[in-house]
Amino acid sequence: MGVFSGHWPSESELDKLRQKVAEMSGRDAQEVRVVVSPYRICPLGAHIDHQGGTVSAMTINRGILLGFVPSNDTQVTLQSGQFKGSVRFRVDEVQLPKHISKKNGLNEQIDSSKPQEECKWGNYARGAIYALQSKGNHLKTTCFLQGITGLICGSEGLDSSGLSSSAAVGIAYLLAFEHANDLVVWPTENIEYDRLIENEYLGLKNGILDQSAILLSSYGCLTCMNCKISHSVENSDNYRLHVQTIKHKLIRPPEVQNNHDGELGNAYKILLAFSGLKQALTTNPGYNRRVAECQEAAKLLLQASGNEEVEPVLSNVEPEVFEAHKSKLEPDLAKRAEHYFSENERVLKGLEAWASGNLKEFGELITASGLSSIQNYECGCEPLIQLYEILLKAPGVLGARFSGAGFRGCCLAFVDADRAEEAATFVKNEYCKLQPELASHINQGPAVLICDAGDCARVI
């Protein structure tokens, strides 16, 4: 069981990282800067961001640390605390998206003494340069380009599946390159740059919820984001990509006004309960299929209401239209739409509960979200569903749900701060009884992590 409360990163963590980068670069440890890029959780708003719904998010006091110094030339040299090998390239090289590089027969430029598979973690750094080169031409307007010498590491012993670790890594590299080159970039711009890393450079089909949460969150606040879709475009692989411009606001509970010592801030802890699943226990298309089903439901509902020319996402369907025409949908499509509309309503109620300091109601809505994800969105697998059910029985737990799609990784829960240790022990013991083999895979890290809310990504 792992307990991680209080300040993150600690001074000892920072000193250790700075010293390692100093040894790598031959520079003084005082010259080393550190990017803190936290992981995020989404208490309410499961699986509705891709349909333009309203979601909630906050960061936790765990995540990615990237220690770096400017290289004083164009060279980038990176090492990882989790993966083998080193990554080397130059910031003045033209970075091409992965699918273009493969079509042209181009190989990644890595340390030739290392197996190529060991260095794929460096793709996010190259993707950051790609984004800065292609969008706004930030690097092209800099007279003297500088690379970095850096060491990146995630929170030790923590399986970050379902916690947006990929977005945290991309943002860490963006902030490091920007700082090294004295670039002033707004958080909203970096949201778009990280989208370019993931959607264009790496070819992932995700939205901008994760990077928005990491860049826009504030300590003690619940970040509310409207993911309304403005339009869609087709990329080079003929995949229809929704273009989103997230509008956000920070919901601060009444007890927490201008400091970190408010009553509500001390009233709860966040539990992350890990399943031991490293790979998804499903062979179906999962995420992409659910997105397509939501779009098909929206298309049929819009046709039934005479609005077929509108973009087929459920945020363009009025709740009254769904109620009037849901009988025309196939059962699976009706379930997906039911999840969207009920979850969107839960988010709005949850924001009110948080703002009024009503953690009991907030937790109940999180639990209802988890149940709808299982019954209506039909995501999850047996170990994660078992973990979810165990959390609901744990002492002091206010609410629980999957963190992510529920095919691997962890579940999250809000718990009464005074009973967090008791709850964590209960969950660990009960899960071991039901899934002893999977539980044995967690020996290298905590089975249940107790943590606090975090802050936004930043350079220190």
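This briefing covers the nonpolar cores, aromatic pairs and salt bridges of the structure. The model is predicted. Its largest nonpolar core has 124 residues, and a search of the whole structure finds nine aromatic pairs. The structure also holds 17 salt bridges.

**Nonpolar cores**

- Within the largest nonpolar core of 124 residues, the residues with the most contacts are Y173, F177, L271, L272, L314 and F414.
- Helix α4, spanning residues 165-180, gives the most to this core, contributing 11 residues.
- When neighbours within four places in sequence are left aside, L271 is in contact with L391, V397, C411, L412, A413, V415, A420, A423, A424, V448, L449 and I450.

**Aromatic pairs**

- Among the nine aromatic pairs found in the whole structure is that of F362 and F414, which is edge-to-face, with 5.5 Å centre to centre and 80° between the planes.
- This pair links distant parts of the chain, as F362 belongs to helix α11 (residues 359-375) and F414 to strand β13 (residues 410-416), 52 residues apart.
- F362 and F414 are both buried, and F414 is also among the residues with the most contacts inside the largest nonpolar core.
- Y268, W354, F362 and F414 are joined into a cluster by ring pairs.

**Salt bridges**

- Side chains of opposite charge can pair when their charged atoms come close.
- R27 and E31 meet through their side chains in a salt bridge of 3.0 Å, N to O.
- A salt bridge joins R90 to E93, and the closest N and O atoms are 3.5 Å apart.
- R90 is partly exposed, with a relative accessible area of 38%, whereas E93 is buried, with a relative accessible area of 12%.
- E192 and R195 form a salt bridge in which the closest N and O atoms are 2.9 Å apart.
- Because E192 and R195 are three residues apart in helix α5 (residues 187-201), about one helical turn separates them.
- E192 is partly exposed, with a relative accessible area of 23%, while R195 is buried, with a relative accessible area of 14%.
- A network of salt bridges links R290, E293, K335, R336 and E378.

Notes:
Residues are numbered from 1 along each chain as its sequence is written. This is a predicted model: local features need pLDDT of at least 70, side-chain atom pairs count only at pLDDT 80 or more; totals for chains, interfaces and linings use all residues. Side-chain values use heavy atoms; hydrogens and water are left out. A nonpolar core is a set of buried Ala, Val, Leu, Ile, Met, Phe, Trp, Tyr and Cys residues joined through side-chain atoms within 4.5 Å. Buried means under 20% relative accessible area, exposed over 50%, partly exposed in between (1.4 Å probe, protein chains only). Helices (H or I, at least four residues) and strands (E, at least two) are DSSP runs, numbered from the N terminus. Contact means heavy atoms within 4.5 Å. Rings of Phe, Tyr and Trp (its six-membered ring) pair if their centres lie within 6.5 Å; planes under 30 degrees apart count as stacked, over 60 as edge-to-face and the rest as tilted. A salt bridge is a side-chain nitrogen of Lys or Arg within 4 Å of a carboxyl oxygen of Asp or Glu.
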